[in-house]
Amino acid sequence: MLKIYNSFTKQKEVFRPIVEGKVGMYVCGPTVYGPPHLGHARTYTNFDVIYRYLMYKGYKVKYVQNITDVGHLVGDGDDGEDKIQKQAKKEDIDPYEIAYKYETLYFDAMGKLNILKPSISARATGVIPEIIEMVQTIIDKGYGYVTKAGNVYFSVRKFKNYGQLSRRTLDNNLSGERITVADDKEAPEDFALWKRAEKNHLMKWNSPWGEGYPGWHIECSTLTKKFLGKTFDIHGGGIDNIFPHHECECAQSEVANGQKFVNYFVHNNLLTVNGTKMGKSLGNFITCEELFNEFDPMGVRYFILQFSYRSPMDFTKKAIADASAQFEKIKDAYKKLENMTHGASDKPTGEAEDILKRITEAMDDDFNTPLAIAELLRLVKIVGSLGEGEVEKAKGLLGVMQKVEFILGLKFEGEEKRSSGENEEKLMDIIAEVRSKLRQEKNYALSDFIRDKLQESGITVKDKKV
Ligand code: AMP
Ligand code: ZN
(Lines give C-alpha, C1' and ligand atoms only; values in the text may rest on other atoms or scores of the structure.)
(Ligands and ions follow the chains in the order given, each with its own letter.)
Protein backbone atom coordinates (compact mmCIF):
# COMPACT_ATOMS: atom_id res chain seq x y z
CA MET A 1 0.00 0.00 0.00
CA LEU A 2 1.58 3.26 -1.16
CA LYS A 3 2.01 5.99 1.44
CA ILE A 4 2.92 9.55 0.54
CA TYR A 5 4.02 12.36 2.84
CA ASN A 6 1.48 15.12 2.33
CA SER A 7 2.74 18.65 3.01
CA PHE A 8 -0.84 19.69 3.81
CA THR A 9 -1.12 17.39 6.82
CA LYS A 10 2.62 16.95 7.44
CA GLN A 11 2.25 13.21 7.67
CA LYS A 12 2.38 10.09 5.56
CA GLU A 13 -1.01 9.16 4.16
CA VAL A 14 -2.27 6.18 2.21
CA PHE A 15 -2.47 7.24 -1.42
CA ARG A 16 -5.99 7.13 -2.81
CA PRO A 17 -6.45 8.64 -6.28
CA ILE A 18 -9.65 10.44 -7.25
CA VAL A 19 -10.32 8.03 -10.10
CA GLU A 20 -9.35 4.43 -9.43
CA GLY A 21 -6.32 3.36 -11.46
CA LYS A 22 -5.53 6.86 -12.67
CA VAL A 23 -3.31 9.64 -11.33
CA GLY A 24 -3.16 13.31 -12.26
CA MET A 25 0.19 14.81 -11.28
CA TYR A 26 1.56 18.32 -11.73
CA VAL A 27 5.10 19.47 -10.99
CA CYS A 28 6.22 23.09 -11.30
CA GLY A 29 8.69 23.29 -14.17
CA PRO A 30 11.76 25.48 -14.58
CA THR A 31 11.97 29.20 -15.21
CA VAL A 32 13.92 29.07 -18.45
CA TYR A 33 16.42 31.90 -18.19
CA GLY A 34 19.59 29.93 -17.50
CA PRO A 35 21.08 26.46 -17.91
CA PRO A 36 19.72 23.73 -15.64
CA HIS A 37 21.84 23.01 -12.57
CA LEU A 38 22.22 20.15 -10.15
CA GLY A 39 19.35 21.50 -8.00
CA HIS A 40 16.99 21.04 -10.95
CA ALA A 41 18.50 17.62 -11.58
CA ARG A 42 17.62 16.66 -8.00
CA THR A 43 14.02 17.84 -8.07
CA TYR A 44 13.14 16.42 -11.49
CA THR A 45 14.93 13.11 -10.88
CA ASN A 46 12.95 12.61 -7.70
CA PHE A 47 9.64 13.39 -9.38
CA ASP A 48 10.65 11.15 -12.28
CA VAL A 49 11.03 8.29 -9.80
CA ILE A 50 7.61 9.07 -8.34
CA TYR A 51 6.14 9.08 -11.87
CA ARG A 52 7.89 5.81 -12.70
CA TYR A 53 6.86 4.11 -9.46
CA LEU A 54 3.22 5.06 -9.91
CA MET A 55 3.37 3.55 -13.39
CA TYR A 56 5.13 0.47 -12.01
CA LYS A 57 2.23 0.04 -9.61
CA GLY A 58 -0.11 -0.01 -12.59
CA TYR A 59 -1.53 3.52 -12.49
CA LYS A 60 -2.21 5.38 -15.70
CA VAL A 61 -0.45 8.65 -14.93
CA LYS A 62 -1.04 12.01 -16.59
CA TYR A 63 2.05 13.99 -15.62
CA VAL A 64 1.94 17.69 -16.42
CA GLN A 65 4.79 20.18 -16.13
CA ASN A 66 4.89 23.84 -17.01
CA ILE A 67 7.65 25.90 -18.54
CA THR A 68 7.78 29.36 -16.95
CA ASP A 69 8.65 31.56 -19.89
CA VAL A 70 7.07 34.78 -18.65
CA GLY A 71 6.05 36.52 -15.44
CA HIS A 72 8.66 35.32 -12.91
CA LEU A 73 10.06 38.57 -11.57
CA VAL A 74 13.43 39.18 -10.01
CA GLY A 75 11.87 40.67 -6.85
CA ASP A 76 9.75 38.66 -4.39
CA GLY A 77 7.30 41.50 -3.80
CA ASP A 78 5.91 41.52 -7.34
CA ASP A 79 8.48 44.08 -8.35
CA GLY A 80 11.62 44.10 -10.47
CA GLU A 81 12.26 42.93 -13.99
CA ASP A 82 11.02 39.71 -15.59
CA LYS A 83 13.86 37.16 -15.30
CA ILE A 84 13.52 36.10 -18.96
CA GLN A 85 13.49 39.70 -20.20
CA LYS A 86 16.55 40.57 -18.11
CA GLN A 87 18.48 37.65 -19.62
CA ALA A 88 17.26 38.60 -23.14
CA LYS A 89 18.76 42.05 -22.73
CA LYS A 90 21.98 40.56 -21.39
CA GLU A 91 22.36 38.20 -24.36
CA ASP A 92 20.87 40.74 -26.79
CA ILE A 93 18.33 38.29 -28.22
CA ASP A 94 14.54 37.99 -28.20
CA PRO A 95 13.01 36.79 -24.89
CA TYR A 96 11.32 33.96 -26.79
CA GLU A 97 14.77 32.87 -27.99
CA ILE A 98 16.00 32.90 -24.40
CA ALA A 99 13.06 30.79 -23.25
CA TYR A 100 13.40 28.29 -26.09
CA LYS A 101 17.19 28.06 -25.76
CA TYR A 102 17.05 27.22 -22.05
CA GLU A 103 14.00 25.00 -22.41
CA THR A 104 16.01 22.97 -24.93
CA LEU A 105 19.00 22.80 -22.59
CA TYR A 106 16.66 21.72 -19.78
CA PHE A 107 15.19 18.80 -21.74
CA ASP A 108 18.63 17.78 -23.07
CA ALA A 109 20.04 17.60 -19.54
CA MET A 110 16.96 15.80 -18.19
CA GLY A 111 17.22 13.31 -21.08
CA LYS A 112 20.83 12.54 -20.16
CA LEU A 113 19.67 11.85 -16.61
CA ASN A 114 17.17 9.35 -18.08
CA ILE A 115 14.26 11.47 -16.85
CA LEU A 116 11.10 10.61 -18.78
CA LYS A 117 9.38 13.53 -20.46
CA PRO A 118 6.11 14.47 -18.77
CA SER A 119 2.88 13.54 -20.56
CA ILE A 120 2.31 17.26 -21.18
CA SER A 121 4.84 20.08 -21.07
CA ALA A 122 3.11 23.43 -21.43
CA ARG A 123 4.47 26.98 -21.64
CA ALA A 124 2.90 29.82 -19.68
CA THR A 125 2.83 31.90 -22.88
CA GLY A 126 0.66 29.21 -24.48
CA VAL A 127 -2.30 29.79 -22.15
CA ILE A 128 -2.61 33.59 -21.92
CA PRO A 129 -6.35 33.64 -22.87
CA GLU A 130 -7.12 31.04 -20.18
CA ILE A 131 -5.03 33.00 -17.66
CA ILE A 132 -6.99 36.20 -18.42
CA GLU A 133 -10.24 34.27 -18.02
CA MET A 134 -9.19 32.94 -14.60
CA VAL A 135 -8.06 36.38 -13.40
CA GLN A 136 -11.42 37.80 -14.49
CA THR A 137 -13.26 35.07 -12.55
CA ILE A 138 -11.26 35.92 -9.42
CA ILE A 139 -12.12 39.63 -9.83
CA ASP A 140 -15.80 38.77 -10.45
CA LYS A 141 -15.90 36.70 -7.26
CA GLY A 142 -14.60 39.68 -5.29
CA TYR A 143 -11.11 38.39 -4.46
CA GLY A 144 -9.15 40.36 -7.05
CA TYR A 145 -8.85 44.11 -7.54
CA VAL A 146 -7.55 46.32 -10.33
CA THR A 147 -5.36 49.28 -9.40
CA LYS A 148 -5.06 52.66 -11.10
CA ALA A 149 -1.72 51.58 -12.48
CA GLY A 150 -3.46 48.69 -14.29
CA ASN A 151 -2.18 45.86 -12.07
CA VAL A 152 -4.48 43.15 -10.76
CA TYR A 153 -3.85 41.76 -7.27
CA PHE A 154 -5.30 38.97 -5.18
CA SER A 155 -6.65 40.23 -1.88
CA VAL A 156 -5.13 37.77 0.58
CA ARG A 157 -7.12 38.86 3.64
CA LYS A 158 -10.39 37.91 1.94
CA PHE A 159 -9.33 34.28 1.48
CA LYS A 160 -9.79 32.67 4.86
CA ASN A 161 -7.79 29.53 4.05
CA TYR A 162 -4.63 31.45 3.21
CA GLY A 163 -1.75 29.76 5.04
CA GLN A 164 -3.34 26.29 4.82
CA LEU A 165 -0.20 24.86 3.22
CA SER A 166 2.67 26.95 4.58
CA ARG A 167 1.00 27.47 7.97
CA ARG A 168 1.94 31.12 7.79
CA THR A 169 -0.59 33.50 9.18
CA LEU A 170 -1.00 37.10 8.15
CA ASP A 171 0.37 38.21 11.49
CA ASN A 172 3.50 36.15 11.64
CA ASN A 173 4.64 36.36 8.15
CA LEU A 174 3.96 37.88 5.16
CA SER A 175 5.36 41.16 4.13
CA GLY A 176 8.10 41.39 6.73
CA GLU A 177 10.68 39.35 4.86
CA ARG A 178 10.20 41.08 1.57
CA ILE A 179 12.68 43.66 0.59
CA THR A 180 10.50 45.88 -1.58
CA VAL A 181 6.82 45.62 -2.37
CA ALA A 182 4.96 47.06 -5.34
CA ASP A 183 3.47 50.30 -3.99
CA ASP A 184 -0.04 50.13 -5.49
CA LYS A 185 -1.10 47.09 -3.42
CA GLU A 186 -3.89 47.54 -0.91
CA ALA A 187 -1.95 45.32 1.48
CA PRO A 188 1.68 44.18 1.29
CA GLU A 189 0.75 40.47 1.40
CA ASP A 190 -1.44 40.71 -1.72
CA PHE A 191 0.09 39.12 -4.79
CA ALA A 192 -0.04 39.88 -8.51
CA LEU A 193 -2.44 38.08 -10.83
CA TRP A 194 -1.68 40.38 -13.77
CA LYS A 195 0.92 43.12 -14.20
CA ARG A 196 0.61 46.20 -16.39
CA ALA A 197 3.48 46.27 -18.91
CA GLU A 198 5.77 49.26 -18.95
CA LYS A 199 6.51 50.76 -22.38
CA ASN A 200 9.82 48.91 -22.77
CA HIS A 201 8.40 45.56 -21.60
CA LEU A 202 8.95 42.91 -24.27
CA MET A 203 6.45 40.08 -23.63
CA LYS A 204 2.95 41.53 -23.27
CA TRP A 205 -0.65 40.87 -24.25
CA ASN A 206 -3.89 42.81 -24.47
CA SER A 207 -6.24 42.26 -21.58
CA PRO A 208 -9.34 43.91 -20.09
CA TRP A 209 -6.89 45.77 -17.80
CA GLY A 210 -4.59 47.07 -20.53
CA GLU A 211 -1.40 45.65 -22.02
CA GLY A 212 0.34 43.40 -19.57
CA TYR A 213 1.58 39.97 -18.58
CA PRO A 214 0.62 37.34 -16.00
CA GLY A 215 1.83 37.16 -12.41
CA TRP A 216 4.05 34.19 -11.67
CA HIS A 217 1.62 31.93 -9.77
CA ILE A 218 -1.41 32.10 -12.06
CA GLU A 219 0.10 29.97 -14.85
CA CYS A 220 0.13 26.87 -12.64
CA SER A 221 -3.47 27.37 -11.51
CA THR A 222 -4.51 27.77 -15.14
CA LEU A 223 -2.57 24.79 -16.43
CA THR A 224 -3.69 22.41 -13.71
CA LYS A 225 -7.32 23.32 -14.35
CA LYS A 226 -6.91 22.95 -18.11
CA PHE A 227 -5.16 19.59 -18.07
CA LEU A 228 -6.02 17.94 -14.75
CA GLY A 229 -9.32 19.49 -13.73
CA LYS A 230 -10.41 21.56 -10.73
CA THR A 231 -9.20 19.04 -8.14
CA PHE A 232 -6.38 16.63 -8.90
CA ASP A 233 -4.21 14.07 -7.11
CA ILE A 234 -0.57 15.13 -6.70
CA HIS A 235 1.12 18.50 -6.92
CA GLY A 236 4.91 18.67 -6.62
CA GLY A 237 7.81 21.08 -6.52
CA GLY A 238 10.79 22.04 -4.38
CA ILE A 239 10.20 23.13 -0.78
CA ASP A 240 11.20 26.65 -1.83
CA ASN A 241 7.91 26.66 -3.78
CA ILE A 242 5.71 26.13 -0.70
CA PHE A 243 5.64 29.83 0.05
CA PRO A 244 4.62 31.99 -1.63
CA HIS A 245 4.16 30.06 -4.89
CA HIS A 246 2.04 27.07 -3.86
CA GLU A 247 0.17 28.95 -1.15
CA CYS A 248 -0.88 31.45 -3.84
CA GLU A 249 -1.75 28.70 -6.33
CA CYS A 250 -4.09 27.17 -3.73
CA ALA A 251 -5.77 30.52 -3.02
CA GLN A 252 -6.32 31.40 -6.68
CA SER A 253 -7.54 27.97 -7.72
CA GLU A 254 -9.87 27.48 -4.77
CA VAL A 255 -11.44 30.89 -5.33
CA ALA A 256 -11.77 30.47 -9.10
CA ASN A 257 -12.95 26.84 -9.02
CA GLY A 258 -14.92 26.86 -5.78
CA GLN A 259 -13.46 23.56 -4.62
CA LYS A 260 -10.35 21.91 -3.18
CA PHE A 261 -7.25 22.38 -5.35
CA VAL A 262 -5.15 19.29 -4.76
CA ASN A 263 -5.20 16.21 -2.52
CA TYR A 264 -1.47 15.51 -1.98
CA PHE A 265 1.20 18.21 -2.01
CA VAL A 266 4.66 16.64 -2.36
CA HIS A 267 7.78 18.74 -1.77
CA ASN A 268 11.31 17.88 -2.61
CA ASN A 269 14.07 19.13 -0.31
CA LEU A 270 16.75 21.37 -1.73
CA LEU A 271 20.25 20.70 -2.89
CA THR A 272 22.56 23.01 -1.00
CA VAL A 273 26.16 24.18 -1.32
CA ASN A 274 27.74 24.66 2.10
CA GLY A 275 24.22 24.76 3.50
CA THR A 276 22.88 27.42 1.10
CA LYS A 277 20.35 26.59 -1.64
CA MET A 278 21.98 26.06 -5.02
CA GLY A 279 20.34 28.60 -7.32
CA LYS A 280 20.65 30.54 -10.50
CA SER A 281 20.02 33.85 -8.84
CA LEU A 282 22.53 33.09 -6.07
CA GLY A 283 25.24 32.23 -8.58
CA ASN A 284 26.50 29.23 -6.54
CA PHE A 285 25.39 26.62 -9.03
CA ILE A 286 27.08 23.93 -11.06
CA THR A 287 25.32 23.29 -14.36
CA CYS A 288 24.34 19.83 -15.50
CA GLU A 289 26.59 20.26 -18.52
CA GLU A 290 29.63 20.99 -16.37
CA LEU A 291 28.85 17.95 -14.25
CA PHE A 292 28.37 15.66 -17.22
CA ASN A 293 31.80 16.66 -18.54
CA GLU A 294 33.22 15.13 -15.41
CA PHE A 295 30.76 12.40 -14.41
CA ASP A 296 28.52 9.86 -16.13
CA PRO A 297 24.95 11.25 -15.76
CA MET A 298 23.91 7.88 -14.35
CA GLY A 299 26.46 8.33 -11.55
CA VAL A 300 24.86 11.72 -10.84
CA ARG A 301 21.39 10.18 -10.82
CA TYR A 302 22.57 7.44 -8.48
CA PHE A 303 24.08 10.11 -6.20
CA ILE A 304 20.71 11.92 -6.06
CA LEU A 305 18.77 8.75 -5.27
CA GLN A 306 21.04 7.87 -2.37
CA PHE A 307 19.09 10.50 -0.42
CA SER A 308 15.40 10.50 0.36
CA TYR A 309 13.66 13.25 -1.60
CA ARG A 310 12.70 14.88 1.72
CA SER A 311 16.22 14.95 3.19
CA PRO A 312 18.57 17.87 2.92
CA MET A 313 21.48 17.15 0.60
CA ASP A 314 24.73 19.06 0.30
CA PHE A 315 26.76 19.08 -2.88
CA THR A 316 30.41 18.03 -3.01
CA LYS A 317 32.23 16.64 -6.00
CA LYS A 318 33.72 13.94 -3.79
CA ALA A 319 30.25 12.63 -2.91
CA ILE A 320 29.39 12.38 -6.62
CA ALA A 321 32.72 10.69 -7.38
CA ASP A 322 32.11 8.13 -4.60
CA ALA A 323 28.57 7.49 -5.81
CA SER A 324 29.79 7.09 -9.39
CA ALA A 325 32.41 4.54 -8.29
CA GLN A 326 29.76 2.56 -6.40
CA PHE A 327 27.44 2.72 -9.40
CA GLU A 328 30.18 1.18 -11.60
CA LYS A 329 30.20 -1.83 -9.24
CA ILE A 330 26.44 -2.21 -9.70
CA LYS A 331 26.94 -2.11 -13.46
CA ASP A 332 29.62 -4.82 -13.15
CA ALA A 333 27.16 -7.02 -11.29
CA TYR A 334 24.59 -6.48 -14.05
CA LYS A 335 27.19 -7.38 -16.67
CA LYS A 336 28.06 -10.58 -14.82
CA LEU A 337 24.37 -11.58 -14.72
CA GLU A 338 23.95 -10.80 -18.40
CA ASN A 339 26.98 -12.88 -19.30
CA MET A 340 25.83 -15.80 -17.16
CA THR A 341 22.28 -15.78 -18.51
CA HIS A 342 22.91 -14.46 -22.05
CA GLY A 343 20.45 -11.73 -21.14
CA ALA A 344 17.57 -14.09 -20.31
CA SER A 345 15.97 -12.92 -17.08
CA ASP A 346 13.33 -14.82 -15.16
CA LYS A 347 10.67 -14.25 -12.54
CA PRO A 348 12.50 -13.72 -9.24
CA THR A 349 12.18 -16.50 -6.69
CA GLY A 350 13.71 -17.16 -3.25
CA GLU A 351 16.28 -14.59 -2.20
CA ALA A 352 15.72 -12.48 -5.34
CA GLU A 353 11.98 -12.38 -4.71
CA ASP A 354 12.59 -11.28 -1.10
CA ILE A 355 14.84 -8.46 -2.25
CA LEU A 356 12.27 -7.26 -4.79
CA LYS A 357 9.61 -7.34 -2.09
CA ARG A 358 11.73 -5.22 0.22
CA ILE A 359 12.48 -2.77 -2.60
CA THR A 360 8.78 -2.27 -3.33
CA GLU A 361 8.07 -1.96 0.40
CA ALA A 362 10.70 0.77 0.60
CA MET A 363 9.19 2.57 -2.38
CA ASP A 364 5.69 2.17 -0.95
CA ASP A 365 6.94 3.97 2.14
CA ASP A 366 6.98 7.47 0.64
CA PHE A 367 9.41 6.54 -2.17
CA ASN A 368 12.30 5.61 0.12
CA THR A 369 15.02 5.38 -2.53
CA PRO A 370 17.99 5.06 -0.11
CA LEU A 371 16.41 1.97 1.39
CA ALA A 372 15.68 0.56 -2.09
CA ILE A 373 19.33 1.17 -2.98
CA ALA A 374 20.50 -0.60 0.20
CA GLU A 375 18.54 -3.65 -1.01
CA LEU A 376 20.07 -3.31 -4.46
CA LEU A 377 23.54 -3.36 -2.91
CA ARG A 378 22.59 -6.50 -1.01
CA LEU A 379 21.70 -8.04 -4.36
CA VAL A 380 25.04 -6.93 -5.84
CA LYS A 381 26.81 -8.75 -3.01
CA ILE A 382 24.91 -11.96 -3.81
CA VAL A 383 25.85 -11.60 -7.48
CA GLY A 384 29.50 -11.30 -6.43
CA SER A 385 29.37 -14.71 -4.80
CA LEU A 386 27.46 -16.50 -7.60
CA GLY A 387 29.21 -19.57 -8.97
CA GLU A 388 29.33 -20.35 -12.70
CA GLY A 389 26.66 -23.01 -12.51
CA GLU A 390 24.04 -20.90 -10.76
CA VAL A 391 22.38 -19.73 -13.95
CA GLU A 392 18.78 -20.10 -12.73
CA LYS A 393 19.50 -17.97 -9.69
CA ALA A 394 21.25 -15.42 -11.93
CA LYS A 395 18.13 -15.18 -14.13
CA GLY A 396 15.94 -14.23 -11.16
CA LEU A 397 18.46 -11.67 -9.91
CA LEU A 398 18.65 -10.19 -13.40
CA GLY A 399 14.85 -9.94 -13.36
CA VAL A 400 15.04 -7.87 -10.17
CA MET A 401 17.72 -5.58 -11.59
CA GLN A 402 15.64 -4.95 -14.70
CA LYS A 403 12.66 -3.93 -12.58
CA VAL A 404 14.88 -1.63 -10.52
CA GLU A 405 16.21 -0.12 -13.78
CA PHE A 406 12.68 0.96 -14.60
CA ILE A 407 11.68 2.12 -11.12
CA LEU A 408 14.80 4.13 -10.32
CA GLY A 409 15.53 5.02 -13.95
CA LEU A 410 19.13 3.83 -13.66
CA LYS A 411 20.73 2.35 -16.74
CA PHE A 412 22.82 -0.63 -15.74
CA GLU A 413 23.92 -1.80 -19.15
CA GLY A 414 27.39 -0.80 -20.36
CA GLU A 415 28.21 2.16 -22.56
CA GLU A 416 29.09 -0.16 -25.50
CA LYS A 417 25.57 -1.52 -25.58
CA ARG A 418 23.91 1.87 -25.18
CA SER A 419 25.84 3.39 -28.05
CA SER A 420 25.09 0.55 -30.48
CA GLY A 421 22.07 2.48 -31.81
CA GLU A 422 24.29 5.45 -32.57
CA ASN A 423 26.83 3.18 -34.27
CA GLU A 424 24.13 1.68 -36.45
CA GLU A 425 23.14 5.14 -37.58
CA LYS A 426 26.72 6.01 -38.42
CA LEU A 427 27.09 2.75 -40.33
CA MET A 428 23.96 3.52 -42.36
CA ASP A 429 25.36 6.95 -43.24
CA ILE A 430 28.57 5.34 -44.51
CA ILE A 431 26.62 2.78 -46.59
CA ALA A 432 24.49 5.57 -48.07
CA GLU A 433 27.63 7.50 -48.99
CA VAL A 434 29.24 4.46 -50.64
CA ARG A 435 26.08 3.83 -52.68
CA SER A 436 25.89 7.46 -53.72
CA LYS A 437 29.52 7.29 -54.96
CA LEU A 438 28.81 4.03 -56.82
CA ARG A 439 25.81 5.60 -58.54
CA GLN A 440 27.80 8.66 -59.51
CA GLU A 441 30.30 6.29 -61.11
CA LYS A 442 27.34 4.55 -62.78
CA ASN A 443 28.17 1.28 -61.03
CA TYR A 444 24.45 0.55 -60.68
CA ALA A 445 24.93 -3.20 -60.39
CA LEU A 446 26.87 -2.98 -57.14
CA SER A 447 24.73 -0.13 -55.79
CA ASP A 448 21.53 -2.15 -56.47
CA PHE A 449 23.09 -5.22 -54.92
CA ILE A 450 23.66 -3.31 -51.66
CA ARG A 451 20.11 -1.89 -51.82
CA ASP A 452 18.60 -5.36 -52.34
CA LYS A 453 20.61 -6.81 -49.48
CA LEU A 454 19.44 -3.99 -47.20
CA GLN A 455 15.87 -4.53 -48.33
CA GLU A 456 16.12 -8.24 -47.55
CA SER A 457 16.92 -7.30 -43.96
CA GLY A 458 14.00 -4.91 -43.78
CA ILE A 459 15.77 -1.60 -44.48
CA THR A 460 14.14 0.37 -47.29
CA VAL A 461 16.35 2.61 -49.39
CA LYS A 462 14.99 5.36 -51.64
CA ASP A 463 17.32 6.68 -54.35
CA LYS A 464 17.23 10.25 -55.56
CA LYS A 465 18.11 10.95 -59.19
CA VAL A 466 21.87 11.22 -59.71
P1 AMP B 1 13.23 27.46 -10.99
O2 AMP B 1 13.96 27.18 -12.26
O3 AMP B 1 14.03 28.24 -9.99
O4 AMP B 1 11.87 28.06 -11.28
O5 AMP B 1 12.97 26.08 -10.27
C6 AMP B 1 12.30 25.01 -10.86
C7 AMP B 1 12.19 23.87 -9.89
O8 AMP B 1 13.49 23.45 -9.50
C9 AMP B 1 11.43 24.23 -8.61
O10 AMP B 1 10.56 23.16 -8.25
C11 AMP B 1 12.52 24.40 -7.60
O12 AMP B 1 12.08 24.06 -6.31
C13 AMP B 1 13.57 23.41 -8.09
N14 AMP B 1 14.91 23.83 -7.63
C15 AMP B 1 15.55 25.00 -7.87
N16 AMP B 1 16.71 25.04 -7.18
C17 AMP B 1 16.81 23.88 -6.49
C18 AMP B 1 17.76 23.31 -5.59
N19 AMP B 1 18.87 23.94 -5.25
N20 AMP B 1 17.51 22.08 -5.07
C21 AMP B 1 16.40 21.40 -5.41
N22 AMP B 1 15.44 21.88 -6.24
C23 AMP B 1 15.65 23.09 -6.78
ZN1 ZN C 1 3.92 26.31 -10.02
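At 4% relative accessibility, Arg52 counts as buried (under 20% relative accessible area; over 50% is exposed and in between partly exposed, with a 1.4 Å probe and protein chains only). The model is predicted: local features need pLDDT of at least 70, side-chain atom pairs count only at pLDDT 80 or more, and totals for chains, interfaces and linings use all residues. Residues are numbered from 1 along each chain as its sequence is written, and side-chain values use heavy atoms, with hydrogens and water left out.

Asp48 is buried too, at a relative accessible area of 0%. Asp48 and Arg52 form a salt bridge whose closest N and O atoms are 2.8 Å apart (a side-chain nitrogen of Lys or Arg within 4 Å of a carboxyl oxygen of Asp or Glu). Arg301 joins Asp48 and Arg52 in a network of salt bridges.

## Other salt bridges

The count comes to 22 salt bridges. One of them joins Glu361 and Lys357 at 3.3 Å, N to O; these residues lie 4 apart in helix H10 (residues 350-364). Glu361 is partly exposed at 43%. In helix H12 (residues 391-408), Lys395 and Glu392 are 3 residues apart, and their side chains meet at 3.6 Å, N to O. Glu392 is exposed, with a relative accessible area of 54%.

## Nonpolar core

The largest nonpolar core has 131 residues, and Met25, Leu38 and Leu54 have the most contacts inside it (a set of buried Ala, Val, Leu, Ile, Met, Phe, Trp, Tyr and Cys residues joined through side-chain atoms within 4.5 Å). Helix H1 (residues 38-56) supplies the largest share, 9 residues. Domain 1 (3-268) and domain 2 (277-408) both contribute, so the core lies between them (bounds from an automatic or database domain assignment).

Leaving aside residues up to four places away in sequence, Leu54 touches several residues, including Phe15, Met25 and Ile234 (contact means heavy atoms within 4.5 Å).

## Antiparallel sheet

An open sheet of 4 strands runs in the order E6-E7-E8-E9 with antiparallel pairing (two strands pair if DSSP finds at least two bridges between them). Its edge strands are E6 (144-146) and E9 (212-214). The twist averages 20° from one strand to the next. E6 pairs with strand E7 (residues 152-154) over 3 bridges, and Val146 stands opposite Val152.

Helix H6 (residues 242-257) packs on the sheet, touching E7 and strand E8 (191-196), and its direction makes about 80° with that of E8 (axes are lines fitted to C-alpha atoms, for helices over the stretch in contact, with angles from 0 to 180 degrees between N-to-C directions).

Technical notes. Chains lettered and ligands numbered in written order. Helix = DSSP H or I, 4+ residues; strand = E, 2+ residues; numbered from the N terminus.
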